[in-house]
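Thanks for coming. I will take one structure and go through its charged pairs, a surface patch and a pocket. Please keep the picture in view as I talk.

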Amino acid sequence: MSRREYERRFPYMPARIIDNMMVPEVKISVVPWERICGNPENFRWLVDATFRDRAKCKYDLSRSMRRANT
């Protein structure tokens, strides 16, 4: 998928995350809030899966972090 398509599908996604969604070695899941809100088991599973796979991902952290949610 192209960057333009990611930006169209996820208009509020920070550019730093879109950078990483385009890297094949990075695992990022976009989950609707409704799937985890009120369902702590789904949230727990996502956090555990992320922790287990942390060494397999090569995140691109070159873009500056945001200082405020603007």
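Predicted model: local features only at pLDDT ≥ 70, side-chain atom pairs only at ≥ 80, totals over all residues.

A residue counts as buried under 20% relative accessible area, as exposed over 50%, and as partly exposed in between. Lys 27 has 48% relative accessibility, so it counts as partly exposed.

What does the side chain of Lys 27 meet in a salt bridge? The partner is Asp 53, at 3.3 Å from N to O. Side chains of opposite charge can pair when their charged atoms come close. The two residues are in distant parts of the chain, with Lys 27 in the loop between α2 and α3 (33-36) and Asp 53 in the segment after α4, 26 residues apart. The side chains of Asp 53 and Lys 27 are also joined by a polar contact of 3.3 Å.

Is Asp 53 buried or exposed? Its relative accessible area is 19%, and the cut-off for buried is under 20%, so Asp 53 is buried. For placement, α4 covers residues 40-52, and Asp 53 is in the segment after that helix.

Now the other charged pairs. How many salt bridges does a search of the whole structure find? The search finds seven. One of them is between Arg 3 and Asp 19, where the closest N and O atoms are 2.8 Å apart. Arg 3 belongs to helix α1 (residues 3-9) and Asp 19 to helix α2, and this pair too links distant parts of the chain, 16 residues apart. Arg 3 is partly exposed because its relative accessibility is 23%. Asp 19, with a relative accessible area of 12%, is buried.

Asp 19 has another partner. It forms a salt bridge with Arg 63, and here the closest N and O atoms are 2.7 Å apart. Asp 19 lies in helix α2 while Arg 63 lies in the segment after α4, so this pair ties together parts that are 44 residues apart in sequence. Arg 63 has 37% relative accessibility and therefore counts as partly exposed.

Next, the surface. Which residues form a nonpolar patch there? They are Ile 17, Ile 28, Val 30, Tyr 59 and Leu 61, and together they have about 410 Å² of accessible area. Take Leu 61 as one case from that group: it sits in the segment after α4. Its relative accessible area is 57%, and the cut-off for exposed is over 50%, so Leu 61 is exposed.

Last, the empty space. Rolling a probe the size of a water molecule over the atoms shows where empty space is left. The largest pocket holds about 510 Å³ of space. Its lining has 21 residues, and those nearest its centre are Lys 27, Ile 28, Ser 29, Leu 46 and Thr 50. The elements giving two or more residues to this lining are α2 (15-21) and α4. Which element gives the most? That is α4, with six residues.

Two residues come up again here. Lys 27, from the salt bridge with Asp 53, is among the residues nearest the centre of the largest pocket. Ile 28 is also among those residues, and it is part of the nonpolar patch on the surface.

That is the end of my part.

Definitions and conventions
Residues numbered from 1 in each chain as written. Heavy atoms only, no water. Helix = DSSP H or I, 4+ residues; strand = E, 2+ residues; numbered from the N terminus. Buried < 20%, exposed > 50% of the residue type's maximum accessible area, 1.4 Å probe, protein only. Polar contact = N/O pair within 3.5 Å; in protein donor to acceptor, adjacent residues only side chain to side chain. Patch = residues over 30% accessible without salt bridge, like charges linked within 9 Å, V, L, I, M, F, W, Y side chains within 5 Å. Areas by Shrake-Rupley, 256 points an atom, 1.4 Å probe, with all protein chains shown as cover. Salt bridge = Lys/Arg side-chain N within 4 Å of Asp/Glu carboxyl O. 1 Å grid on protein atoms, 1.4 Å probe; cavity = no way out; pocket = protein on both sides within 12 Å on 5 of 7 lines; lining within 4 Å. Points joined across faces, edges and corners; volume = space filled by probe spheres on them.
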